[in-house]
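Visitor: Hi, could you walk me through this one? I'm new to it, so please take it slowly.

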Amino acid sequence: MSKHLLDFKDTEKKDIEKLIDITGKINPEKVNKISSISLLKFDEPSTRTRLSFSVAAYRLGIKTFESSDLSSAKIKGESLKHEIETYKAMGIESIVIRTKEDNLNEYREFKDISVISGGFGTSSHPTQAILDATTLDKFNKLDKDIPVAYIGDVKHSRVFESGRELFASLGKKVGVFTHESFLPDDLTNIEVLNSWDEVFESTEAIELLRVQKERIENLKDSNLEEYINNYQLTDEILDKSSEGFVVLHPMPMNVGIEISEKASTHEKFKYREQLSFGVPSRIASYMYVMENYD
Ligand code: CP
């Protein structure tokens, strides 16, 4: 029976805590070698996720093959079932998928092959949520009632969606501060915040999200300007936050939109520390699906 890491709907609290714990502790030089084959299938651009899965596999001794010709099976009318059977017949034991589709449930049923989400549509990016939570843990924010507030295009964000699920499993709410057009339809487990003051009163960490122009229909320059005027993080705003306040960003960041030039070099902006957990999070995820992480 294969394990998947598609989202956190079937993941127990103890497993999430373990994933965060392992990601924070792993010394990639010392991990045991695992003999396995993994297919990286990315049909959307990726710098960090694709590379960190490759590096994580290398550290673990997993052989990876890459496929970017994602939709060819579909174009030829092949079902997902037959496509996956083909991979299994070639000895592939896990697949890391990034896709614009939100068809996670189609993958849940597959046995004898593990599927890890490297980003599905607007619905899941669990390995990003694990590295975000690990970063928050390192800065002692994970035990707060609201460990983090998301600022930006929450509606179209799979980083937010997996974060909300992960923190809900840990018994936590997440904050959201954004324009009403960027609020998700489902407000479960969210504390909607209405000003930067409310953000700073409610939490000690924020995660900025990119305005995903590619996913927004009819985005006008005037909308973007209004967004920048009201929600862009500037150094003046950041200076009002508490001493240990932490700013995260899953990247890529658009300086001049969600963050100002000056704020992007502010000492409270911890994106480098966050990036450093990219490979450990993917190592922990491979180990999780292979049940090799005790
Ligand atoms: N954070 C993230 O998913 O980055 P990439 O799109 O570069 O993988």
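Visitor: Which residues are around the ligand?

Guide: In this predicted model, the residues around the ligand are Ser 46, Thr 47, Arg 48, Thr 49 and Arg 98, together with His 125, Gln 128, Pro 250 and Met 251.

Visitor: And how does that shell split by class?

Guide: Sorted by class, the shell around the ligand holds five polar residues, two charged residues and two nonpolar residues.

Visitor: Which atom of Thr 49 lies 2.6 Å from an oxygen atom of the ligand?

Guide: That is a polar side-chain atom of Thr 49, and a polar side-chain atom of His 125 likewise lies 2.8 Å from an oxygen atom of the ligand.

Visitor: How much of the ligand does the protein bury?

Guide: The ligand taken alone exposes 250 Å², and the protein buries 91% of that area.

Visitor: Where does the ligand sit, then?

Guide: The ligand sits in the largest pocket.

Visitor: Switching topic, how is the protein chain divided?

Guide: The chain is divided into domain 1, which covers 13-125 + 278-289, and domain 2, which covers 140-269.

Visitor: What separates their centres, and how many residues does the contact take from each?

Guide: Taken over C-alpha atoms, the centres of domain 1 and domain 2 are separated by 27 Å, while the contact takes 15 residues from domain 1 and 14 residues from domain 2.

Terms used:
Residues are numbered from 1 along each chain as its sequence is written. This is a predicted model: local features need pLDDT of at least 70, side-chain atom pairs count only at pLDDT 80 or more; totals for chains, interfaces and linings use all residues. Side-chain values use heavy atoms; hydrogens and water are left out. A residue is near a molecule or strand if one of its heavy atoms lies within 4 Å of it. A polar contact is a pair of N or O atoms within 3.5 Å; within protein, one must be able to donate a hydrogen and the other to accept it, and residues adjacent in sequence count only if both atoms are side-chain atoms. Accessible areas come from the Shrake-Rupley method with a 1.4 Å probe; for residues, only the protein chains shown count as cover. On a 1 Å grid over the protein atoms alone, a cavity is a set of points where a 1.4 Å probe fits but cannot get out, and a pocket is an open set with protein on both sides within 12 Å along at least five of seven lines; lining residues have an atom within 4 Å of a point. A molecule sits in a cavity or pocket if more than half of its atoms lie within 2 Å of its grid points. Ala, Val, Leu, Ile, Met, Phe, Trp, Tyr, Cys and Pro count as nonpolar, Asp, Glu, Lys and Arg as charged, and the others, Gly among them, as polar. Domain bounds come from an automatic or database domain assignment. Contact means heavy atoms within 4.5 Å.
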